[in-house]
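Visitor: I would like to go through this model with a few questions on packing and charge pairs. Please show it first.

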Amino acid sequence: MYWREKIKKALKNDKVIPFYQAIFDVDKNIVKYETLMRIEDINEKGEIVYLSPYFFLDISVKTKQYLQLSNQIISKALKDLGKTDKQISINLSFKDILDGEFIVFLDESLDKITNEDKSRVVFEILESDYISDYTLLEDFISKYRKQGIKIAIDDFGTGYSNFAHILKIKPNYIKIDGSLIKNIYTDKNSHEMVKSIIDFSKALNIRVIAEFVHSQEVFDSLVKLGVDELQGFYLAEPAPDFFSFN
């Protein structure tokens, strides 16, 4: 009840805020931003705070508020394309792809932006979700790829990872899950798994993004292995606007 009312208030008062986390190339130049959801709130001291989806996203699904949250974030992210010349990635789950109402909203939102701007949109599809129908996923990807939108498979290397499905989907990007990245310079198994994913991706001309880059040691290990892009608190924390990274 507490979170349902807090979400309801945030939706009503336009307090669902997109944060952006910069993604860098190996020379530490920003190449894109990942869109992240936050709720702006006031704490007990009267200070503005930003609440992570960790606290409310699962509840929003149960209270049937998830679609409204998602729609607000995507609308704002697409509008923010005009504030940067970099790519902006938007997270989608397989549940989103199955939701006809969401797809209608997504199409209407994309119709409002130019083809040039569409070419700077990346859909990050969560690989760790239970994807029950790969034919439907392939149709979804084909539809939006024709509009110039890029596709990334997020959290690759966990859950239901399947290299055969990647051969069919052929995404533009694979983002390796943070659980494989965080101890890469001390954990031999993680190192070998990441190396295999990179080698496989390179053979298919798929660019590889590593998340959870939290130290110089992790950064150096990944660059040595041939990762194309990197993301994590060592490089930049999420922020409410692009100017925070300048």
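Visitor: Which elements do the buried residues of α1 pack against?

Guide: This is a predicted model. In α1, which spans residues 2–12, the buried residues are W3, K6, I7, A10 and L11. Seen down the helix axis they fall within an arc of 135°, so they line one face of α1. The elements they pack against are β1 (16–25), β2 (30–42), β3 (48–51), α2 (57–62) and α3 (66–80).

Visitor: Which residues are exposed on the other side of α1?

Guide: An α-helix has 3.6 residues a turn, so residues three or four places apart point the same way. On the other side of α1, the exposed residues are Y2, K8, K9 and K12.

Visitor: How far apart are the closest N and O atoms of E229 and R207?

Guide: E229 lies in strand β9 and R207 in strand β8, so this pair ties together parts 22 residues apart in sequence. E229 is buried at 4% relative accessibility, while R207 is partly exposed at 36%. The closest N and O atoms of E229 and R207 are apart by 3.3 Å.

Note on methods:
Residues are numbered from 1 along each chain as its sequence is written. This is a predicted model: local features need pLDDT of at least 70, side-chain atom pairs count only at pLDDT 80 or more; totals for chains, interfaces and linings use all residues. Side-chain values use heavy atoms; hydrogens and water are left out. Buried means under 20% relative accessible area, exposed over 50%, partly exposed in between (1.4 Å probe, protein chains only). Helices (H or I, at least four residues) and strands (E, at least two) are DSSP runs, numbered from the N terminus. The arc is that of the directions from the helix axis to the C-beta atoms. Contact means heavy atoms within 4.5 Å. A salt bridge is a side-chain nitrogen of Lys or Arg within 4 Å of a carboxyl oxygen of Asp or Glu.
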